[in-house]
Amino acid sequence: MRKSILCNNEMPTCYFCGTGNQLERHHCLYGIYREKADKYGLWVYLCHFHHRGQFGVHSHKGRKRSLELQSLAQIKFEEKYGHEKFISEFKRNFLGVN
Ligand SMILES: [Zn+2]
Ligand SMILES: [Zn+2]
């Protein structure tokens, strides 16, 4: 597991609510892009509620939050490697998409 470029690796807290309890790692880009997200450190800590829970980012009700994390991942990635590389690696543009 690569270090995240999106969060504090030393003091893990849920990205959305800040709790330090029941943390799980969430790859902001998942499915077929999970491995690449891992390689580039595009993951955050989420509590169980915000990750796998009923309103978590993997559920329909958490779709907006999931998109927020995808956009964040793209922004941070592009700060390091640029826009072209993001598109060539992940084949999508999450910025300005709602
Ligand atoms: Zn949370
Ligand atoms: Zn996840």
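The legends below describe close-up views of a predicted model.

**View 1. Packing of helix α3 against helix α4.** Helix α3 spans residues 63-81 and helix α4 spans residues 83-90. The two helices pack with their axes 7 Å apart and at an angle of about 120 degrees. The crossing of α3 past α4 is right-handed.

**View 2. Residues at the contact of α3 with α4.** From α3, the contact takes in Gln74, Phe77, Glu78 and Tyr81. From α4, His83, Lys85 and Phe86 take part. By class, the residues of this contact are three nonpolar, two polar and two charged.

**View 3. The largest nonpolar core.** This core has 22 residues. Those with the most contacts inside the core are Cys28, Ala37, Leu42, Val44, Leu46 and Ala73. At least two core residues come from each of β2 (43-47), α3 and α4. The most are given by β2, which supplies five.

**View 4. Surroundings of Cys28.** Cys28 is found in the loop between β1 and α1 (34-39). Around Cys28 there are 27 other C-beta atoms within 10 Å, and 20 or more count as buried, so Cys28 is buried. With residues up to four places away in sequence left out, Cys28 touches Ala37, Leu42, Trp43, Val44, Leu69, Gln70, Leu72 and Ala73. Between Cys28 and Arg63 the C-alpha to C-alpha distance is 12 Å, and the two are 35 residues apart in sequence.

**View 5. Surroundings of Ala73.** Ala73 is among the residues with the most contacts inside the largest nonpolar core. Leaving aside neighbours within four places in sequence, the contacts of Ala73 are with Leu6, Cys28, Leu29, Ala37 and Leu42.

**View 6. Gln22, a residue with positive phi.** Gln22 is found in the segment before β1 (23-27). Although Gln22 is not a glycine, its phi is positive, at about 50 degrees.

**View 7. Lys91, a residue with positive phi.** Lys91 is found in the segment after α4. Its phi is positive, about 60 degrees, although Lys91 is not a glycine. Lys91 has 9 C-beta neighbours inside 10 Å, and 12 or fewer count as exposed, so Lys91 is exposed.

How values were computed:
Residues numbered from 1 in each chain as written. Chains lettered and ligands numbered in written order. Predicted model: local features only at pLDDT ≥ 70, side-chain atom pairs only at ≥ 80, totals over all residues. Axes fitted to C-alpha atoms, helices over the stretch in contact; angles between N-to-C directions. Helix = DSSP H or I, 4+ residues; strand = E, 2+ residues; numbered from the N terminus. Left-handed = near helix turned anticlockwise from the far one by under 90°. Contact = placed C-beta atoms within 7 Å. Nonpolar A, V, L, I, M, F, W, Y, C, P; charged D, E, K, R; others polar. Core = buried A, V, L, I, M, F, W, Y, C linked by C-beta atoms within 7 Å.
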